[in-house]
Amino acid sequence: MKRRLPKNRIITKKKSYPLQDSPFYKLSSKTRLASLLGSTPKELKSLVGNDNYHCFTQTKKGKPRLIQEPLPHLDKIHSRVASLLCRIETVDGLHSGKKGRSNISNARAHLGPGRKVITADIKSFFPSTTRLMVFDFFYNTMQCSSDVADLLSRILTYDEHIPTGSRISMPLAYIANKRMFDEIEDAAMRVGAKMTIYVDDLTFSGVMLHKDFVKTLEMIAKKHGHRIHPSKTRFYSENAIKLITGAAIGEDRIFPRNRHLKALKEDLQIWINSPQKDRKLINKILGRLTFIGSIDPRYKDKARTFRNVAIK
């Protein structure tokens with residue numbers, strides 16, 4: 001029987017250090033780069049190009065999305081680079097790609113009396129994060145030699161942008177755009193607002209926050225080659241229920257969104273009325289219960305009860 005190879009994953013070994021302590025910092029040799037990534041210069045060169053990806057279309061919320069997924073050899077390299085990038089210290093407001101953080105912790109960060117909230121979305125974040133932005137990060141921020149920065153930028157991108165289906169996508173998108181995020185956060189702090197980041201979702205909250213801040217946000221994003229999605233920007237007054245990255249918050253509490261509760265109720269009704277208990281539906285319901293349970297702990301008990309009844 002053929003032994004199944006272990007799946008690549010991001011491994012940080014619980015390490016966290018300043019950018020200057022990263023092994024990528026001031027890296028000037030492609031031979032040393034290859035050794036760092038457990039590869040050879042020849043193999044790294046062969047991994048440049050779109051033919052090293054499996055591309056397919058994924059439909060989410062009724063919208064088709066093109067996915068570029070690295071093939072096994074490239075996936076191994078991407079996972080290694082992602083593991084090293086994820087060890088670099090980040091701002092406290094980043095909630096994606098960090099252990100112990102999630103879309104729910106992102107929403108919780110904005111609890112508090114009298115806070116107004118702005119939520120915004122960077123349009124096509126991964127496709128608009130270009131190879132030149134990746135090169136700029138490794139060359140100017142990490143101070144790698146130009147040939148090392150160029151090779152890394154080519155290995156880590158598809159068709160001149162960050163791929164959408166790789167382990168490198170999330171950490172690289174953040175770190176390649178760090179100067180933009182830092183500039184936006186500085187602007188938020190000047191108006192007394194708190195900023196959090198969850199992949200391409202930006203959230204701001206503050207007692208003095210005004211909807212005009214959106215113009216500042218749009219200007220900074222455009223300066224750095226990005227665009228704020230015009231139809232996804234929301235301003236919430238201090239008394240409104242705010243919808244933030246999958247959860248709803250009031251002044252001092254967080255609760256599940258009505259549409260998530262409705263979807264759970266509908267799926268449970270289908271399961272109850274179905275003579276043959278479909279395993280996919282069971283897993284879907286358990287997923288909904290687990291997600292809602294991360295917001296409202298009462299649903300954790302409901303998830304355990306449902307699992308005991310549904311899976312015999």
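These legends describe close-up views of a predicted model. Residues are numbered from 1 along each chain as its sequence is written, and side-chain values use heavy atoms, with hydrogens and water left out. Local features need pLDDT of at least 70, and side-chain atom pairs count only at pLDDT 80 or more, while totals for chains, interfaces and linings use all residues.

**View A. Val 199 and Thr 245 have positive phi values.** Most residues other than glycine have a negative phi. Phi of Val 199 is near 55°. Val 199 sits in the loop between strand 4 (194-198) and strand 5 (201-206). Strands are DSSP runs of E with at least two residues, helices are runs of H or I with at least four, and both are numbered from the N terminus. Phi of Thr 245 is near 35°. Thr 245 is in the loop between strand 7 (242-244) and strand 8 (247-249). Val 199 counts as buried at 18% relative accessibility, and Thr 245 counts as buried at 17%. Buried means under 20% relative accessible area, exposed over 50%, and partly exposed in between (1.4 Å probe, protein chains only).

**View B. Arg 167 and Asp 75 form a salt bridge.** The N to O distance is 2.6 Å. The pair links distant parts of the chain, 92 residues apart. Arg 167 is in the loop between helix 6 (146-155) and helix 7 (169-176), and Asp 75 is in helix 3 (residues 72-85). A salt bridge is a side-chain nitrogen of Lys or Arg within 4 Å of a carboxyl oxygen of Asp or Glu. Arg 167 is partly exposed at 23% relative accessibility, whereas Asp 75 is buried at 14%. The structure holds 11 salt bridges.

**View C. Lys 178 pairs with Asp 182 in helix 8.** Their closest N and O atoms are 2.7 Å apart. Both residues lie in helix 8 (residues 178-190), 4 residues apart, about one turn of the helix. Lys 178 is partly exposed at 25% relative accessibility. Asp 182 is also partly exposed, at 26%.

**View D. Glu 183 and Lys 223 meet in a salt bridge.** The N to O distance is 3.1 Å. This pair links distant parts of the chain: Glu 183 in helix 8 and Lys 223 in helix 9 (residues 213-223), 40 residues apart. Glu 183 is partly exposed at 25% relative accessibility, whereas Lys 223 is exposed at 60%.

**View E. Salt bridges link four residues in a network.** The members are Arg 131, Asp 150, Arg 154 and Glu 160.
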